[in-house]
Amino acid sequence: MEQENYNPDAPESFQLNLMREDLISLSEKENVYIPEYKIDGTGRSVPNSILIESAPIIMSEGIAVFYPEIRDLFNIRVYVETDEILRFERYIKRAIESRNQTREDAIKQYETINKSAAVYLRPQRQYADIIINGHAEISDIEQIAEDLSLYV
């Protein structure tokens, strides 16, 4: 995929068939090596680079978990809903602090990904089993994960 046409949020930007195979392997108690995606705007990845060990509970995060190619593999799908202002503030802070972007570049990139989210992510909310308020503290989300582990 050419860099100028690459959209990291579009379903065709994911290796969904591979992700499906890996998730099935994990559910069958097999360890897998997943690709490491390069955050450089090209969609490049390093294949078989990150070891993921199977466990009684397999948690996966990201927008791909709601795509039709794999969403049927999840027993529980959680959607984190956060209002526009907080999403913007968190994104800009992370871009500046973690990716060394300028505020101006971060704002431009946010505008692009926010448009993609309206097309690819937010419509997937309807497939969630649980919707979490994105204003929740991480400790609240950790508690939910711990509570879910009691059902294994």
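Surface patches are made of residues with over 30% relative accessible area and no salt bridge, where like charges are joined within 9 Å and nonpolar side chains (Val, Leu, Ile, Met, Phe, Trp, Tyr) within 5 Å; a salt bridge is a side-chain nitrogen of Lys or Arg within 4 Å of a carboxyl oxygen of Asp or Glu, and accessible areas come from the Shrake-Rupley method with a 1.4 Å probe, only the protein chains shown counting as cover for residues. The model is predicted, with local features needing pLDDT of at least 70 and side-chain atom pairs counting only at pLDDT 80 or more, while totals for chains, interfaces and linings use all residues. Residues are numbered from 1 along each chain as its sequence is written, and side-chain values use heavy atoms, with hydrogens and water left out.

One nonpolar surface patch, of about 210 Å², is made by Ile76, Val78 and Val80. Valine 78 belongs to strand S3 (strands are DSSP runs of E with at least two residues, helices runs of H or I with at least four, numbered from the N terminus). At 32% relative accessibility, valine 78 is partly exposed, a class that lies between buried, under 20% relative accessible area, and exposed, over 50%, with a 1.4 Å probe and protein chains only.

The structure also holds four aromatic pairs, where rings of Phe, Tyr and Trp (its six-membered ring) pair if their centres lie within 6.5 Å, and planes under 30 degrees apart count as stacked, over 60 as edge-to-face and the rest as tilted. The ring centres of phenylalanine 14 and tyrosine 67 are 5.8 Å apart and their planes stand at 70°, so this pair is edge-to-face. It joins distant parts of the chain, since phenylalanine 14 lies in the segment before helix H1 (16–27) and tyrosine 67 in the loop between strand S2 (45–52) and strand S3 (78–81), 53 residues apart. Phenylalanine 14 is partly exposed at 26% relative accessible area, whereas tyrosine 67 is buried at 2%.

Phenylalanine 66 and tyrosine 79 form another edge-to-face pair, with 6.0 Å from centre to centre and 70° between the planes. Phenylalanine 66 sits in the loop between S2 and S3 and tyrosine 79 in strand S3, 13 residues apart, and both residues are buried. Elsewhere, ring pairs link Phe88, Tyr91 and Tyr110 into a cluster.

Threonine 82, in the loop between S3 and helix H2 (84–99), is buried with a relative accessible area of 11%. Leaving aside neighbours within four places in sequence, threonine 82 is in contact with Arg87, Arg90 and Gly134, contact meaning heavy atoms within 4.5 Å.
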